[in-house]
Each structure stands twice: as C-alpha cells, then as structure tokens.
Protein chains: 6
Amino acid sequence: MTSDFLRADGRALDQMRSVRITRGFTSNPAGSVLVEFGNTRVMCTASVEFGVPRFKKNSGEGWLTAEYAMLPSSTHDRMPRESMRGKVKGRTHEISRLVGRALRAAVDLSQLGENTINIDCDVLQADGGTRTASITGAYVALADAIAVLQAEGVVPGQPLLPPVAAVSVGLIDGRVCLDLPYEEDSRAEVDLNVVMTESGRFVEIQGTGEQGDFGREELNQMLDSAEKGCRELVAAQKAALEA
Amino acid sequence: MTSDFLRADGRALDQMRSVRITRGFTSNPAGSVLVEFGNTRVMCTASVEFGVPRFKKNSGEGWLTAEYAMLPSSTHDRMPRESMRGKVKGRTHEISRLVGRALRAAVDLSQLGENTINIDCDVLQADGGTRTASITGAYVALADAIAVLQAEGVVPGQPLLPPVAAVSVGLIDGRVCLDLPYEEDSRAEVDLNVVMTESGRFVEIQGTGEQGDFGREELNQMLDSAEKGCRELVAAQKAALEA
Amino acid sequence: MTSDFLRADGRALDQMRSVRITRGFTSNPAGSVLVEFGNTRVMCTASVEFGVPRFKKNSGEGWLTAEYAMLPSSTHDRMPRESMRGKVKGRTHEISRLVGRALRAAVDLSQLGENTINIDCDVLQADGGTRTASITGAYVALADAIAVLQAEGVVPGQPLLPPVAAVSVGLIDGRVCLDLPYEEDSRAEVDLNVVMTESGRFVEIQGTGEQGDFGREELNQMLDSAEKGCRELVAAQKAALEA
Amino acid sequence: MTSDFLRADGRALDQMRSVRITRGFTSNPAGSVLVEFGNTRVMCTASVEFGVPRFKKNSGEGWLTAEYAMLPSSTHDRMPRESMRGKVKGRTHEISRLVGRALRAAVDLSQLGENTINIDCDVLQADGGTRTASITGAYVALADAIAVLQAEGVVPGQPLLPPVAAVSVGLIDGRVCLDLPYEEDSRAEVDLNVVMTESGRFVEIQGTGEQGDFGREELNQMLDSAEKGCRELVAAQKAALEA
Amino acid sequence: MTSDFLRADGRALDQMRSVRITRGFTSNPAGSVLVEFGNTRVMCTASVEFGVPRFKKNSGEGWLTAEYAMLPSSTHDRMPRESMRGKVKGRTHEISRLVGRALRAAVDLSQLGENTINIDCDVLQADGGTRTASITGAYVALADAIAVLQAEGVVPGQPLLPPVAAVSVGLIDGRVCLDLPYEEDSRAEVDLNVVMTESGRFVEIQGTGEQGDFGREELNQMLDSAEKGCRELVAAQKAALEA
Amino acid sequence: MTSDFLRADGRALDQMRSVRITRGFTSNPAGSVLVEFGNTRVMCTASVEFGVPRFKKNSGEGWLTAEYAMLPSSTHDRMPRESMRGKVKGRTHEISRLVGRALRAAVDLSQLGENTINIDCDVLQADGGTRTASITGAYVALADAIAVLQAEGVVPGQPLLPPVAAVSVGLIDGRVCLDLPYEEDSRAEVDLNVVMTESGRFVEIQGTGEQGDFGREELNQMLDSAEKGCRELVAAQKAALEA
C-alpha cells in the first residue's frame, strides 16, 4: 500500500513508528523491558510469585495477571495519581484486563506449576498506542521471566508459547492508518486494537467507532494493516530475544 | 445457515433467544425498560439531568453516560455487593464504558442542549449476554427519555439517532453460535460482542479468544451471524417503540 | 377506624396500599420475591452460603445477614450509585441492619446448621415504605430458601419461625395514617416503623418525630394502626406461601 | 417502682447510674462537655461553622449535623480504628444519624441564621448507653455553643429549644431495667432507646427485640421507666447549665 | 540559659510548659494515660493483643504498633473526621509511624512473647507538641500495660526498657524556644522534634526549616535545649510511674 | 576520612555511589529528570498547573507540592500497587511530604505567580536512598520547569533559589557510612537523611535509631559525612544544569 497522504510524522499509512525493545531495563524483576513505539515508552516487567490465587489453588496450573498504569507525568497535561484519588479509573481497569488476557494467550498455564506471573506495564511517556506497546513489550518480559524460572528449575515444563503482539489501526479522514500517535488517535473516526499471534491469528480485536461507525470493508482493510504491523512487531520481539 | 448441531435449549446455531422489551417498567425515570434475552433480564433506564460534566461546560452540547451493574443475587452464586466492597470491579467498569460508547452513537449530542442523560443498566437475572441486552434495551429507554424531553420542550433539536443494538456470538467446538447463554459462554473458545447500527454498520466489535485464537475466516462467519442477530434486535426495538 | 379525611390516593386512614407478593421473581437465588406496596417495588432474595462468619464459627449455629440498596433510578430524581461513590450512605447501612435484625427474628439459627442466609433487598421503584416492604417480602424469600435447604437435606432442623412483617405509620396534620407513600412520608410530623410477629408482638419499633414530637396517646394510636397493617401483611405473606 | 431483684451494681431496677455532666471539658469548640453515665464517658462538642450544606443554601435557616465515634481503646477489647479501615461501620452511621435527629429537635433552625452546628460525640470509655449519654451531653454542649453565638451577635434569634435527653431501658429476665451498662445490655431480651423532651414527649423511640419479642404491656412499662430516667437527666442538664 | 525575651505565656526560653501525666485515665485498656503539655491533652493507651502480624509469625518475638489521631474538635477550627473522609491524612500517617518507632525503642520485643501491643494516641485538645506529648505519655501507658502482662504471667521476660521521651524545640526570631505551643509553632523558622532515652541518647531527631534553613550551631543549641526538656520529661514519667 | 573497612561495593566510608542526572528524560512535563544513585533510579518530573490550592487563593503566591511513589516492580520482591489497594501507605505519604518541604525550600513562592508546580518522583528501581535521590533529582527538574515558565513569560520574577540536595548516612557496626544502598540500609543501626542547601545549611534532618540509639558525637560525624555528600550532589546538580 502506498500513499500520497502525508502523516504529521511523514510515515506511510501502513508504516509503524520506530519500535525499540530494550531488555534488562531494570534489574529487580525476572523480566524487565522498555518498549518504545515512537514517543510512547512503557516499562514492562514480569515478576514471579510462588502460589496462585484462590480460584486456581490445587489446580496444578499457574496463573498470569497484569496491571497497566500511566505515571501522572506521562501525559501532556499531568493526570492525578490514581493511588491518591483512592480509586482506579475505568480505562485503567479495562486495559489491565486486556493485557492480562493477551498475555495469557502466550503462556501454557498447565506448564507453569502453581506459580503466578505478575505483568506490570507502567507508561513513562504516552503518545498513543500505550496498550498495544504494553502487550508487545510484556511478551518479551514474560519470555525472560520464564527463562529465569526454567534456569532455576522452578518450572517443570515449557510454558512459553509463540509471540503475541498488538497494534492499533485507525480510520482518519477515511484512510486506514497504522499505529496511531496521540495526535492521530484523538481525531480518528474509528480506532481498532488488534492482538495477534505469530501465526497471524487473532487473540483479541477491539474496534470502536469513536466518531462514526464503520463497515465490513473498512474493517477488513484495517485488519490487513494491523496484520502487517503485528508481523513486524513479532519480528522485533524475536530479534530482541535473540540479541 | 442451518444446523443439525443441537444447542442445550434447542435453538439453531444462528437463532436468538426469545427477546422481550417492556417499556415503562418503572415510572420514575424518563425512560425505563425491562429487556430480556432468554433468562437474562436487565432493567435499563434513562434519566435526565440538567447541566453537563465540566469538560462539556459551555460547549452547547449535551452528554450521555452509562453505568452497568449486576445485582448481587443476579448470578448463580451470589456476588458480593460492590458498594459494600468499596470498589467497582474491572469488569463492571469495562462494561459501563462500553454501554456509554455504544449509546453515544445513538444520540446527536449537539441536538441535546446542555443536558446529561444517565443510562443505568441493572442486571436482575444473569444468563449470559448481559452487556448486549443492556445496550439493546438502553436504546429504547433512551428513545423514551428523549421523547419526554421533547414533549417538555427542553430539547431544542432531534437528538435521537437510528437504533443501535448489540449481540454476542461465540465459537463453540468450532461452530459459530449466536447469543450465548451463560452455559455456552463459559465454554466458548472465542467470544465476540458486536454493537451495530440499524444500517448494519459497526459501532463496536470486541472479540476475545478466551480459550484459543481465531482466524479471519471465523471472524467473518461470526460477524455474519452477529449481523443477523442485530437486525432482529433492531426490529424488536422498533416494534417496542411503536407499540 | 373510619375517616372523612381524604388521602391523595383515596385510601382510608388505616388502609394499606394494595400489596402484591410475587414468588419466584428471579430464578438464581434460593428464594426470590417481588414485593409491592402500591408503587413501591422491592426485589427481595435469600441466598444460601455454606459456612458462617468468624464470630459464629464452631457454634453449631447458622447466621442471617441482610443488605438493602436502592437502584439509582428507583427514586424520582436519580441518586448517585453507592458503588461509584466508593461508600455506602448512612441510611443504607441503617436499613440493612434493621432488615437483618427483623429477619433474624424469623429464623431459629440453632436449627440452620453452620450456613449463612444472605438477604438482599434491592429497591426497583421507591414510593415510601421501602424498608417495611423489604422486611415483609424478605420473609417470603426466606421461607422459600429454607424450603430449598430442607428439600436438599442440608438443614437438619426446622429453622423457619412464624411470619414477621413490617409497616410504617405516620402522623399527618395530627391524624394517624397507615402505610405512607413518599408524598405523605415527606410531610409527616411523626414516622413510625413497626416490625411485628404473626402473634402481634413487636420485633422492632422505630418512631421519629421528624417535624415535631409525640405523646404516649399518639404512640398508642399509631401502634394500633400498625398492628392492623401487620396483621393484613402476615395474611398476604401466608397467602403467597400457600399459593 | 421498687424491687428485690439485685442488679450487679446494686441499683434499683428503675435507678439511673450516677450521671455527671462537666462543661468546658476542652476549650477549642464553642461547647465542650464530658458526660458520664456510670463508667460510660463521652466527650460531646458543638462547633460552629459559617454557611450551610448545599440543600439548605439560601433557605435563611441553619443546620445541625452530628458524628458519633468510639475511640479504638474505649471498649473492653480494642476495636480497629475506622479511619484506618477506610470505612465507617453501619452502627456508627446509625448512631450518628440518631444523634443528629435528636439534637435537631432541640434547636429552632429558623432562628440560627445560615450557620451549621457540628456535634461530635467521641466515646472515651464505653460501658453501655453510649448513644443515650451522647444525646444527653450534646444538648448541654449545644446550649453552650448557642450562647457563644448569641454573645458574639452572630445568631439573630433564640435558636435553643428546651432540653432533649435520652436513656436506654431493657428487659432482662422479664424485668424492666433502666440505663443498662454493657454487661446488662449484652444479655437483655429487649433494648429500648428513648429520646424525650423536657415536657415528656417523644422525639425518638427505638425498641429492638434482640433476643425475643415484646408486647404492648412490656413496651408501656419500659416507656414509664424511660420517662422517669429522662426526667432525671433533664434535671441534670439544667443543673449543669445553671452551674 | 536565661532570657529577657518574653514568651506569650511568660515562660523562659528553655522552660517546659506544665506537664501532667495521669495514669488510669480510662479503665478498659491495659495502660491508659492522659498526658498534658500545657493545653495540649492526649489520651495514650496501650492495649495487648495475642499474636503478632504476619511478618513476625514464628519469630518468638512480639511487636508494637501505634496509631495517632486528632479528634475533630481538638483543634481551633474543627477538622473533618478522617473516618468520614475515607482516608487518613499524610500527617496522621507520619506521626503514627514516628510514635511506633519511638516506642519500639522502649521495649525489648524478644522478651514480649508473640504478643502485640497497640499504642493509641488520641488528641483531645491540640495546642502544639501533640506528637511529643503522645510519645511521652505512651511510654507510661506502655509501662502499665507490660506490668499487667507480667502480673498475668503472660510475658516471659522483662520487655520494658528505660524511658523514652520527646520534646519539640524551635527557632523563633533566631532564639531557641523549648516546647512550642501552637501559636509559636506556626511562626517558628525551624521546628525540631527530638526523641531521647533516659540516658540522653537520641532515638529520633526530625528538624525542619519550615521558613528558613539552619546551621550546625543552631542545631546544637536546639539539641541542648531538647536534652534539658527530655530530662525533665523522663523525671515526670518516672514520678508518675512511682506514684 | 579514610578507611580500611570494606563496603560490599568497595566504596570508602564517605564515598557517594556513582551519581548520574539525565535531563529531558521524558518530554511531556516541563522538567523531567532521571536521577541515579548507583542502582537506585528515580524519574523526577516537574509539571506546572495554572492556579493554586484553595488555601493559597488570592495570596499572589504560588505553591509547590510533591508525590513520591515506587513502581510495583521497583523492589526486589514486587510490591502491591497502591492504586489497587485503594490506599496509600504511610511511608509513601511521609516521603511525599518530605520531598515537598525540601523543594519548597528551593523556590521563592512569592516570585511564582499563582501557579502550582507538581513534583512527581516515581522510583523505577530501588536500591536504598530513594528519597534522597528524589529530592536531588527533583531540584533539577524544578529548575528546568521554572526556566520553561520564564521563557513563556508566565512567571514574573526569579522563583528559583540555589540548589537543595539530600543524602543518607548510616551507622553500621559503629562506622559512619555515606549513601547507603538497600543492603546496608537494612542493617544500619542508625539512619540519617539530610537535606541541605548549597551553602551547607540544613533544610531538614531526620535521624532514626532503627536498631539502637545514638549520641551527639555520632550525630556530628554523620552530619560531617552528609555535608560532604551534599556538597558533591550540588556540584552534580549544577554540572547537569550547565550541560
């Protein structure tokens, strides 16, 4: 797909922002990754806890849970800190749940033993696509954490499944744009987030007509673009893990 | 689509449960509807408040917001009451936000004046599809509330847009099933919720591979089935509003 | 007692509003009742949980607890949802505790085994007397739940005691009025809630001089009227349970 | 009423514990009273705030509100501090509301100007009857606070009404006992709290069959005893205010 | 140190306010003390609980924890009640932690058995120095509570260590003033709180340049004055315990 | 001061860990700094908000407030997220308040206009000294934010005061050690945090005998060491600001 339509950052319509995945970003968690999609920067960590939540007790299986949050200073205008407000916003809850579901698709819980993996995605700098960057980076942190578990002999099996990555696509002035920065996201007619496996199958799709509805045709074009993006992200994940 | 596969309730794969929409279910809110998808029963109301939230002040536009909740006794095993726990669960937040977005697609805020419509969807009995029933019923409550506003001369314009309805589709043992009750929902490989306009365009799609991923082909079959369901739901909405 | 004083709804001073008790209103809880006192409608359910709270552990006895709440759209002007405010109002707490005490007078905890019955009273539509309707309806839900427990052989003894019912009485312009709707309640000088057993003995009386005090004489007249109301309510409870 | 029945503290059945009312207990609030009913000790204060809550704005009237709380170390076994638990117990809410209603019966809000009086009743030592001691002591603090307001010329009229006092009565082994300490309260069959004006009229009665129900005859005997108690309490209030 | 500088209450610069320590102030806790530093009055109690928090389980040692709070009416202008706001202020947290650390320096946890001592410091009247009065009074309550434990044979060893006391010092118009009342505290350039053992060693020092910084020389002068104050406070503690 | 005592990381007793201050770490806040004291890494930002809190309204002055928090994955064992627990820990509150006081000593509020500066210190990786690193880094972020305000012509005067820096000192096995990493901090007998101005005067000192008390002599040695550390930190701050 080519385009004479100019995006503010000069990208082609179906071009990802520059993606960087830095492993070992911090040293305390078993896996710690800084993921960057352009100016969006998220610290993704995977920590291991012995034992599982009550509903998994004595199942012989492990569990994975995730929490997403934005630092108060990550956004253009500072956001009030959720811990000080005493409650978590609906958007935060919603994304935390999405990240958890996405990453559970990348781990075989039956191979994990009764251990819990806590994924934390803390947004240091927000410029659109924080949830998709979170998922993409968290997979790499998860892989590192599982490798630690295996090296320590704690995990009996092979819990890591092939990569899962995520990207956003939007419809702006009727054109399908891949990987939206904040400026595009805020004026997109439609916003679609896609979580995909390495083999190109969907783990989750969430499409919202923020300022307009969309038809099957447009959906298909957006899914094509998302597939291209996810393919590139999986390549970046694999490159990072092989580095 | 026909099928020799038997669902527990004897329905065809692409057959909705019996849908009932009862207007005027209670008398205090401007719009009050009991919506039933089989055994799922949700009380949907639309209440009008003068004024708008701060971020809409002096915009000349109105606002619509929604809250979804399950009564503690609505589920098979009683759930703790969220007000007593002191916090709202992530799932509740997530669905409240979905209902709000979906219903905002059915109202022209610029025609509403600086008034706020509060949608409340309280689940009396849960048997799967509570969020899709909520959206479908809330549209009818919204229509009634706007009619009240217009009759009172409060609303200057024509804020009501054509119907928006929602349905769930799932993949169970590889087959596409429409409008899942709890028993099916809990064992579906994939769960897709679709919010659609009367003209068959998407307002929101949320598909999750709860226990497996899915391909483009399966997505398309699920969307076909959802479209059939939504078409029938819109017919039910219009019938209810004309009654 | 006869009267030429006209109430807005044409009732005699000592006449109850029309009372309806619908069993099996929803199907998940062991007991589920819709109770109506005129326009006041409350969904009362009784759910059974195995085990008892800590202070009853190893007592050989069961426990009964109750929660009362108003749906946000149940009142004339929509009320903020308590779960979203993050705290329960004093009035809600107060009524929940009253309902719990009243219903514990209708169950022999020593015959219940170490099981807990959760009573939920959710007001769908409020027009005065929601707490007394809640108590009256909850007894019927309790009876149904205990019958289920007995049918399942879970409960060793005969925990159900004779009916307990409740009614409000008020002093309006110096006249004793039975079963106040909201319009009367809001301008009553004195408001008295009475919980009574089938044999006419008090379980609880709460009388408040909202806008004036009251003497022994007036108290006695109000109690006479309440007794008449409760007698009729017990008859309605028994009729519902025999239906 | 005389009695050969011996209470643990040697009192006659209709005899109050020793009552002490100390004005000026602390110096910051406009009114500050330590009230003692035997070993029960409550610090009751009345503080004045300019302005009224929103629902009273521009009414030309004042408002009175009350908060009751137990210090964590006031009870035999230390209670968790409500501020640390992050929520207020139902019992606390219930008593705060009772104290507020009772004291509002002792003030003519229309004479108060748009000022708010905050009553705080903090239990230093609990031995039964904390809510009735709170009401009785708070009246004296209220009187002192209103005198301050009048001395300062802030209050235009005569807002203070004649005394309101409160006492508990119980049925223990079938006998009516006045002013129950904790040991009696915890084993009483029936517990009745009565708030009464100087002229012997009821402001509030709350009777609960904690472990049994009660008939009209018993109620009347309990009310007789409460009336005697309240008469003595009003005398103590007046003596304190004249001291 | 002498001075011709006049403090509002006529004290010399290095003179404590009048200190009173009243043991047995209330009767339910094992130790209960009213401590007064001039007009500042704090009720300090020590309650004993069997068992220890999780992080001390099976350590063979005990634990001590402390909570500090101000009654809403303790200050010149009434403060909102923290339990009603649903959260504890930072200042409250900070002082509670200080009191806990200070008192743990006065108890040998290894001699306490697996018991927990809860210190509660509730400010009845605030006039500066509430945290230092709290620590000073709490030591006496702690001593009484430990004596009770020993009398009951619950505590195997000698857990009580020599006294710990605390005092504030400030720099006002460049002069070192001991034991600041509120009026001085609010205009001090520097505020220093010192917790000291009987032998004159520091347990904690917290110095803050509220409205200006300070040098080593001034620090040393303030520490000299604090040492004098603490010596007098320890004498008062010992006198109280011997009374 | 020289020493043959070996610290785990080979430092001399009075030697700081390697300190790095990176300006412009993120781009949304007016000032954004990554500060590193060895393995401790804190992101410090300064964001500007128009207007001031209520207690500063119409004072003509500005305000500065600070929030400190640890990311859940910043510690060796993952900590629960405070926003999810619904309340902020006492330690967090305490450090936030300390950072705020320290930074207010570096700004002339009367020169700021009625603007508020929000300091956020979010710990990415914790290895002791997070509060002192926070203060040291936050000064640089503050300087950058004020420069932005001045460049935009928003701030009338010269609000920035000379640098404020902070360091910890501890007593370990009786020896004074500067700038403690976690391993040393957890076994130090005494822990002293010092906030100092460029001119070597104290803004705040907090010394705690965590596992033992300390005398004047030891305090003086610790203050000497802290002074050396702060001098070096101020040099690092100035070097960063000149870079």
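Contact here means heavy atoms within 4.5 Å. By that rule, 29 residues of chain A are in contact with 29 residues of chain B. The model is a predicted one.

**Chain A with chain B**

About 2,700 Å² is buried between chain A and chain B, and carbon and sulfur atoms give 45% of that area. Twelve salt bridges cross this interface. In one of them, Glu227(B) meets Arg216(A), N to O at 3.6 Å. Polar contacts join 19 residue pairs of chain A and chain B, both partners at pLDDT 80 or more. On chain A, helix H2 (90-104), strand E9 (202-208) and helix H5 (216-242) each supply at least two residues of the side that touches chain B. That side of chain A divides into seven nonpolar, nine polar and 13 charged residues.

E9(A) and strand E9 (residues 202-208) of chain B run antiparallel to each other, over five bridges. Gln206(A) stands opposite Gln206(B).

**Chain F with chain A**

Here 32 residues of chain F are in contact with 32 residues of chain A. The area buried between chain F and chain A is about 2,700 Å², with 49% from carbon and sulfur atoms.

Residue pairs in polar contact between chain F and chain A number 18, both at pLDDT 80 or more. Strand E3 (40-50), strand E4 (63-70), helix H1 (82-85) and strand E5 (115-125) of chain F each give at least two residues to the side that touches chain A. E5(F) gives the largest share, six residues. This side of chain F holds eleven nonpolar, 14 polar and seven charged residues.

| Interface | Buried area | Salt bridges | Polar pairs |
|---|---|---|---|
| Chain A and chain B | about 2,700 Å² | twelve | 19 |

**Symmetry**

A rotation of 180 degrees, with 0.0 Å of shift along its axis, superposes chain F on chain A at an RMSD of 0.0 Å. The two copies are thus related as by a two-fold rotation axis. In chain F, the C-alpha nearest the axis belongs to Ser83(F), 1.9 Å away. Of the interface residues of chain F, 100% are also interface residues in chain A, so the copies meet through the same surface.

**Chains that do not touch**

No contact joins chain B and chain E; their closest C-alpha atoms lie 10 Å apart. Chain C and chain F do not touch either, with their nearest C-alpha atoms 10 Å apart.

Technical notes: Residues numbered from 1 in each chain as written. Chains lettered and ligands numbered in written order. Predicted model: local features only at pLDDT ≥ 70, side-chain atom pairs only at ≥ 80, totals over all residues. Heavy atoms only, no water. Buried area = accessible area lost by both parts, 1.4 Å probe. Polar contact = N/O pair within 3.5 Å; in protein donor to acceptor, adjacent residues only side chain to side chain. Helix = DSSP H or I, 4+ residues; strand = E, 2+ residues; numbered from the N terminus. Nonpolar A, V, L, I, M, F, W, Y, C, P; charged D, E, K, R; others polar. Least-squares fit on C-alpha atoms with pLDDT ≥ 70 in both. Salt bridge = Lys/Arg side-chain N within 4 Å of Asp/Glu carboxyl O. Pairing = 2+ DSSP bridges.
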